[in-house]
Amino acid sequence: MADGHLILIFGALLFAGIAASLLAGRLRLPSLVLFLGVGMAVGSDGLGWVAFNDYELAREIGIAALALILFEGGLTAGFGEIRPVLRNVVSLALFGTLITAAICGLAATWLFDFTLLEGLLLGAIVSSTDGAAIFALLRGSALKRKLGRTLEGEAGMNDPIAVLLVVGFIDWIQKPDYGIVDMLWLFVTEVGIGVAIGAIVGLGAVQLFQRFQLATPGLYPVASIASAALAFGAADALHGSGFLAVYLAGLALGSAHIPAKHTITSFHQGLAWVAQLTMFLVLGLLVFPSQFGDIWIEGTVLALVLAFVARPIAAFVAAGRGFDAKDRTVLGWAGLRGAVPVVLATFPVLAGVHNSSDFFDIVFFAVLLSTVLQGSTFEALAKRLGATADAPTLTTSALSETGTIRQLGADSVEYAVLPGDAIVDMRIRDLELPRQAVVNLIVREEQAVPPRGSTRVHVGDTLHVLIRREALPGMRELTDRWRTGPIGPRPRPKRIPEGHAPVFHVRPWVQERDGDPVTVTHVAGRDVVDRLRTRRDMPGSLVVLDDGYYAVTGPVLALGREQLLSEWVRRKARAAPTDAERSWWEEVLGALAL
C-alpha cells in the first residue's frame, strides 16, 4: 500500500474516532467503546479495509501509547494531589492488583480448563485498571476529590504491577527452575529502578524548565516529550519499570510551577487522546468476531467475575483507611479495564505460551463488558451513594496563551479553589502573595471578576496569578498553604495602653543590617508576627511586631503605635510625588484603621 494511502487511512480513522466520541456523548456511552467499534468495523471481519494481525507491532504501539497516557495522567494530577491518598493508592495498586489477579486466575483455570499458572497469567493480564479509561471517566466527573485522586493514582501505579506479574508468570511457565522468589526479586528490582529513574528524570526536568527559557512556547512540549522518553527509556534499558518511571516523571512536572504549563498540559491531553484512540482502534483491528464461537460464554462469565466479584473484593480489602462501605463500593465499580489488558495479552502470544492464542479474545470480553457496563453506570451509582461533589475531580483549562508573558520574564499560575481550602472566604490581600505576584483575574461561575484587595475568595473560583519567574519556586509552598493552612492574618498583639509613653521613630532602612524589607522577620530587635501589606512599586511592607507596635519598611523605617504611625503616613501621602507612592500610603492607612 502506498504511503499516501496509509496516511489517508490514519487520518480517516482519527476523524472517525472523534466522531465516535461526539456520538458517545449523545448515547451516554463511554467513547472508548465506539473507538473499539470503529476498529472492528474496518478490520478483516468487518469491511475489510484494513487487514491487521501483527501482534508485535500492536504491542510496540501499545507500550508507547501507554507511556504517553501515564505521563499525561501524572502531569495533570501532580504529586500534591496524590500525596494525601498515597497509602491508599499504593495499597490498591499492589494488593488490589494481586487480589484481582488471584481471583480471576482461579476463575479462568476452572472456566477454560487451563493449568493453574496459565489461569493466573490470564488473571494477571486483566488485573490492572486502565489509565486511559479511568482518566476519561474522571475528567468532568463530579466524584469526591479523595475518591477521584485515589482512582487516578491507582491507575497510574498498578500498570507496572500487572506488567511484572505477566512477565513473571510467562517466565514461570517457560522456565522449570523459576519460582516465587524469582518473581519477588523481579518486582523489587523493577520497581526500585523505576522509582529511582522517575524521580531523577522528573526532578531534573523541573530544574531545567525553571532555569532555562526556550525560544518559543512550542518548544516546551518538545522538552516534555523528551523528559517522558528519557524516563521510560532509561528505566527500561536498566531493566526497571518504564511505566512507573514515566508516571513519576509526569507527577514531578505536574507538581512544579514550570513555564508554559498550560501549553504542555494541553498538548499532552491531546496526545493522550490520540494514544488511547489508536490503542482501541488497534484492539478492534486485532479482534476477529468469527473466532468467538468457542469462548464467548466463558469469556463473558470471566468478565462478570472480574466486575462483580474480583474488583469489589479487592477494593474492600485493599482500599486502606478513610473509606466507608459506600466509598469502597464506588472504588470497586470504578475498576475499568481498557487498553492495558489488550497490550498485556500480546506478551504471551509473542512469547509462544500454550493457549495464549485464546487470551486475546478472552480479554476482549473483559474490556468490552467493563467499559460498557461500569463506564456507563458509574456516575449514576456514585451519585446514588453520595460520593459526588459540586466540582469535577479533574479540571484543566487555559484562559489564555502566556507566551508573551514568559518572554517578559513572568508566568501565569492557575489555582482552582476547592471545598475545604484554607483560603475560602479570605480576602485577596490576605493570601500572602510575594511582592512579585498579583492575582490579576478571578474566574467565577464562568464570569471574569477583576479582583481588588478586599475581594473574597469563593469555592469554585479559579485564581489567575501573574508572577515573576524568580518567584515561581516559592509558589508551590504557598499554594500548599492555600489548601491546608496556615494562611492569612494572625491575631494581632493587644493594643498598647494609652498611658504608656509613646514610641515613634524614623530612620533610613539599611539593607545590609536590616535585611529584605519585604521578607523581614525582625525589626529593631522585635519579632515580626504578621505582614499586613506588601508594597508593589518598590520593596517595602507594613508589619506588626510582637510588642504590638507597627512598622513600615522600605527606603525608610517608621516604627510606632498605630496612631502616631498613621499621622506620619498621612503626611507622606500628602507629599507623595507619584500616584503609585500615594496609593501605597493610602493602603497603609486603611490597614492601620482595621
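**View 1. Helices α10 and α11 cross in a right-handed sense.** Right-handed means that the near helix is turned clockwise from the far one by less than a right angle, and left-handed means anticlockwise. This is a predicted model, in which local features need pLDDT of at least 70, side-chain atom pairs count only at pLDDT 80 or more, and totals for chains, interfaces and linings use all residues. Residues are numbered from 1 along each chain as its sequence is written, and side-chain values use heavy atoms, with hydrogens and water left out. The axes of α10 (residues 219–237) and α11 (residues 242–255) come within 8 Å and cross at roughly 150 degrees. Each axis is a line fitted to C-alpha atoms, for helices over the stretch in contact, and angles run from 0 to 180 degrees between N-to-C directions. Helices (H or I, at least four residues) and strands (E, at least two) are DSSP runs, numbered from the N terminus.

**View 2. Side chains meet where α10 packs on α11.** From α10, the contact includes Ala 228, Ala 231 and Phe 232. From α11, it includes Phe 243, Val 246 and Leu 253. Contact means heavy atoms within 4.5 Å. The contact residues divide into nine nonpolar, two polar and one charged. Here Ala, Val, Leu, Ile, Met, Phe, Trp, Tyr, Cys and Pro count as nonpolar, Asp, Glu, Lys and Arg as charged, and the others, Gly among them, as polar.

**View 3. His 239 sits in the loop between α10 and α11.** Its phi is near 65 degrees, a positive value in a residue other than glycine. His 239 is exposed, with a relative accessible area of 61%. Exposed means over 50% relative accessible area, buried under 20%, and partly exposed in between (1.4 Å probe, protein chains only).

**View 4. The largest nonpolar core has 100 residues.** A nonpolar core is a set of buried Ala, Val, Leu, Ile, Met, Phe, Trp, Tyr and Cys residues joined through side-chain atoms within 4.5 Å. Phe 112, Leu 122, Ile 125 and Leu 302 have the most contacts inside this core. Helix α12 (residues 261–286) gives the most to it, with 11 residues. Another core, of 21 residues, lies apart; Val 457 and Leu 472 are among its members.

**View 5. Six strands form an open antiparallel sheet.** The order is β5-β10-β9-β8-β7-β6. Two strands pair if DSSP finds at least two bridges between them. β5 (504–508) and β6 (522–523) stand at the edges, each with a single partner strand, so one side of each has no neighbour in the sheet. β9 (residues 550–553) and β10 (residues 556–560) pair over three bridges, with Ala 551 partnered by Leu 559. Helix α21 (residues 579–593) lies across β7, β8 and β9, and runs at about 25 degrees to β8.

**View 6. Two hairpins involve β7.** β6 and β7 are joined by two bridges, and Val 523 has Arg 526 as its bridge partner. Two residues lie between these strands. Ala 524 in the turn has a positive phi of about 55 degrees and counts as partly exposed, at 42% relative accessibility. Between β7 and β8 there are five bridges, and six residues separate the two strands. Thr 534 stands opposite Ser 541.
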